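Please read the following note with the model in view.

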Amino acid sequence: MAVTAQTKLDAGKLRADFPIFEQEIRGKPLAYLDSAVSSHKPRQVLDKLRNFYETSYANVHRGVYTLSEVATAEYEGAREKVARFVNAPEARELIFTHGATESINLVAYAWGLDNLGPGDVVVVTELEHHSNFVPWQYIAKRTGATFTAIPLDEHGELRLDWLEEIAQKGNVKVVANNLVSNALGTINPVERLAAWAHEQGAIMVVDAAQAAPHHAIDVQQLDCDFLAFSSHKMCGPTSVGALWGRAELLEAMAPFNLGGHMIRSVSLEETTWGQLPYKFEAGTQPIAEAVGFGAAIDYVNDVGIGAIEEHERELLVYALERLADVPGFVGYGPPAERRAGIISFNIEGIHPHDVAQVLDMDGVAIRAGHHCCQPLMAKLGVAATNRASFYLYTIPEEIDRLVDGLHKAHKLLA
Amino acid sequence: MSEFDQMYREVILDHYKNPRGHGELDDADAQAEGQNPLCGDEVSIFVAFGEDGDTIDEVKFSGRGCAISQAATSMLMEMVQGRSAVEVASLPREELLDELGIPLSPVRLKCALLGLSTLKLALHKAKGTPLPEEWAGAAGDLDLK
């Protein structure tokens, strides 16, 4: 991937692209510190959606009429943008799905059911989101394979010294890991894991849902086999996401969803499957959403993924410094240099729900809960944490308001 | 009074900081555990019946949770002490919510009602009273020994 010099981004200026910030919440400007769960949408993406519906909409790959051709060109153009964004060798390796969760389920079912059995080992990590944990646990049970997780150290980083022991459990067939942890922000050594997976004869499945919005991704450099991500966390519409997979693996796999559009021919006796990527795109796809996903990729590329990452790291360093003064603050996660713009924390003696409630009264939105990471929460010995997360539109004033709100919560409830 | 002051009003904070009936009963006649899947909170409820086998003689709770769930469960402990198990099994949720007396969003409603639905589950297991609606469809996952 070409590395270009990054200009610093101006979050205050970019913020004007996001209509959501024009309103007040409980009489205060919105401080949105929950982009890890979903990002807000810039006008450029919203305009594209509206314009597509108003001028170019029809079902794709179905009609010979002009409008269907225009819609198909837009849809396939979006596929090319999304494929280029992760440096996929070919656009046909990029499957549109309903999101990262469906992308991972696609691999777990369509690859897993036919390739796993007793004696095989499926390896995840204690850091996974349930979406890259539960499908593998379930498919391992269905096929009789062993399911295991790479443990974490006290900073929330993977204990790679355990790999040898895991290899003793049987034939390692799948290694599944997130590139960036949604709960702690840990940037994981996926390249090293992919190399190890391939030494074992396993496939490497990467959950990039939390990485894609903030961190440059190159599937060829990672040398992974599958990579899943979602549009909604990176300025795009909900209900659309992507699965990139190596063509030879996707071609050898059985289909996942079956129905219209994914076939070559259908008869009473037999059905044969269509080519990539259509084999995995049964039924009418989220067409406008995919086009909006393409517009979101344009927006993120215009801002610059390197500039976004740099901006978030500056905010992270600033926030960690300020939060250290909050009474009872307990932070989780690795040092800033190995971490994306996510801060998971607790205030001693105060339940995260109460912290989030107190903050909401002042228009500050953070996440409170287990972040779909119950195995990780068990490891940390907590039921839930608070999580503040940043994006390209986050400004330091929002962090100041977070800190003020935490002082208030401590005064009231601790 | 602002919405904020209402939510964390004095009586809520008092129950949160000094919960009534907090603890466990070693030889409980009825017992159940409940979870809030949204936040991972857990509560355990322990009930001891009087000689008639129906009056709730003693009731305790343990577990972790937010101020709303802890305060609501604490209030519940006071509310059901000395009442009939059969009556409590069909206690309208409004009775507890009125006692709490604060505006609750759907998410926070689950926090407030975790203790009550777990108490009803304990009574269901011990007495065969109707399974509370919160547990409908989950019977297969429940340990109903």
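1. Two residues are in contact if their C-beta atoms, placed from the backbone, lie within 7 Å. Helices (H or I, at least four residues) and strands (E, at least two) are DSSP runs, numbered from the N terminus.

2. The model is predicted: local features need pLDDT of at least 70, side-chain atom pairs count only at pLDDT 80 or more, and totals for chains, interfaces and linings use all residues. Residues are numbered from 1 along each chain as its sequence is written, while chains are lettered from A and ligands numbered from 1 in the order in which they are written.

3. The buried residues of α2(A) are A:V45, A:K48 and A:F52 (buried: 20 or more other C-beta atoms within 10 Å of the residue's own; exposed: 12 or fewer; partly exposed: in between; C-beta atoms are placed from the backbone). Seen down the axis of α2(A), these buried residues fall within an arc of 55 degrees, so they line one face of the helix (the arc is that of the directions from the helix axis to the C-beta atoms). They pack against α3 (66-85) and α10 (287-303) of chain A. On the other side of α2(A), the exposed residues include A:R43, A:D47 and A:R50.

4. In chain A, four strands form an open sheet in the order β13-β14-β17-β16, with antiparallel pairing (strands pair if DSSP finds at least two bridges between them). β13 (329-332) and β16 of chain A stand at the edges, each with a single partner strand, so one side of each is left without a neighbour in the sheet.

5. Between the chains, 14 residues of chain A are in contact with 13 residues of chain B. On the side of chain A that touches chain B, α12(A) gives the most, with three residues.
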